[in-house]
Amino acid sequence: MIVEKQLINAFLSRIRNGAVTIQYWDGTTVTYGSGKSGLKISFKSPKAVRAMLKNMTLGFGESYMDGLIEVEGPLDHLGKLVDENRSAFLPLIATKLTHLPSRNTRSRQKNQIQHHYDLGNDFYKLWLDKSMTYSCAYFTSTKVSLEQAQEAKRELLLRKLQLQKGQRMLDIGSGWGSLLIKAAQEYDITGLGVTLSKEQYEHSVAEAKRLGLDKKIKFELANYQDLSERSQQYDRIVSVGMFEHVGHRNQKRYFDLLQKLLVDDGLSVLHCICVPRETLTDPWIDKYIFPGGQIPSINHITKSLASNNFSLIDFENLRIHYAMTLDEWWRRYEKHKDKVIKMYDERFYRMWQLWLASSSAGFRYGDLNLGQFVFTKGLNNNLPLTREHIYK
């Protein structure tokens with residue numbers, strides 16, 4: 001047995017939960033773990049193993065993108081196998097994770113956001129719902145469509161914001177604009193949405209104008225930090241799927257900004273991916289998917305709220321809802337495989353395929369959570385006594 005096979009055999013032999021069959025480049029196969037294996041990984045070259053041993057997640061991700069690794073069976077089950085055998089895989093993974101503090105700076109944030117979100121609206125239209133909502137949906141049952149679940153998510157967020165007619169709302173990281181547009185339509189508010197994505201900005205502006213809402217709500221292509229130079233305050237501030245891009249070193253700056261922009265007794269909702277405890281950055285995700293991003297911890301967010309005079313009044317974890325959202329995105333993405341390859345190439349297709357599948361596994365089997373934090377600036381004693389307004 002050559003050294004690459006010896007090394008991979010050493011750590012795969014530690015698998016105790018589930019099973020996986022490995023086919024090596026010389027045609028030999030070995031099944032690791034107990035029980036029947038529904039997952040088969042084929043290593044086409046020892047180069048893939050050497051890359052993984054050098055940097056586990058980056059090496060696997062790039063080898064999969066390059067076709068040096070093939071996976072038979074549900075791709076998300078690979079994430080399940082890793083999550084259920086952390087003691088076997090963690091020594092190889094953790095040593096290559098890093099905070100990458102220099103990656104998330106104000107001067108780089110625009111390019112980092114555009115790397116992901118400016119792939120083209122035509123690409124996202126292939127697999128998002130019709131409203132172009134690129135964040136966790138809210139499934140009131142397992143039978144509703146993605147479109148219905150995203151509409152339910154917007155309704156849930158707006159009820160948690162407790163909007164009233166005439167209030168001014170700020171949406172930090174407004175995406176393709178659907179939440180702010182719905183708020184203006186149903187609650188008669190005015191507002192501002194900011195994004196660093198040119199594609200999102202242009203879509204949002206066009207949609208607001210089409211619906212005759214461009215006098216009530218505005219969208220800007222701007223960094224949220226630019227708002228610190230303005231005197232305008234808001235009754236409600238919401239952020240959906242943006243806080244993951246802030247980075248640990250900028251989290252205090254974010255909450256300092258909210259302290260300045262939110263009126264006294266004002267209410268804010270932070271909707272973001274989070275983990276139970278501090279985590280490090282995955283190098284494959286940082287390089288190919290979300291450069292400069294870092295998933296915040298629930299612990300750090302709650303501490304930051306307390307230290308900035310914010311009162312946490314509600315928290316909900318929509319973990320399974322995000323797994324279901326990703327399952328549907330992934331299903332729609334696979335349906336348009338040929339179009340994606342034509343738009344980009346096979347390597348790009350495999351990259352996003354791996355991203356969607358591993359993310360689904362992360363929420364269903366791993367540490368990934370989707371938190372909705374509702375908080376007020378200072379104490380507000382005039383809020384509803386129950387949560388009936390949220391679920392009525």
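Why does Phe373 count as buried? Its relative accessibility is 0%, and buried means under 20% relative accessible area, with exposed over 50% and partly exposed in between (1.4 Å probe, protein chains only).

1. This is a predicted model, in which local features need pLDDT of at least 70, side-chain atom pairs count only at pLDDT 80 or more, and totals for chains, interfaces and linings use all residues. Residues are numbered from 1 along each chain as its sequence is written, and side-chain values use heavy atoms, with hydrogens and water left out.

2. Strand 9 (residues 262-274) has 10 of its 13 residues buried. Helices (H or I, at least four residues) and strands (E, at least two) are DSSP runs, numbered from the N terminus.

3. Strand 8 (residues 234-240) runs parallel to strand 9, joined by 6 bridges; strand 11 (residues 369-377) pairs with strand 9 in the antiparallel sense over 8 bridges. Pairing requires at least two DSSP bridges between two strands. Leu270 in strand 9 stands opposite Ser239 and opposite Phe373 in strand 11.

4. The structure holds 33 aromatic pairs (rings of Phe, Tyr and Trp, the last by its six-membered ring, with centres within 6.5 Å; planes under 30 degrees apart are stacked, over 60 edge-to-face, the rest tilted). Among them, Phe243 and Tyr254 are edge-to-face, at 4.9 Å centre to centre and 65° between the planes. Phe243 lies in the loop between strand 8 and helix 11 and Tyr254 in helix 11, so the pair ties together parts 11 residues apart in sequence.
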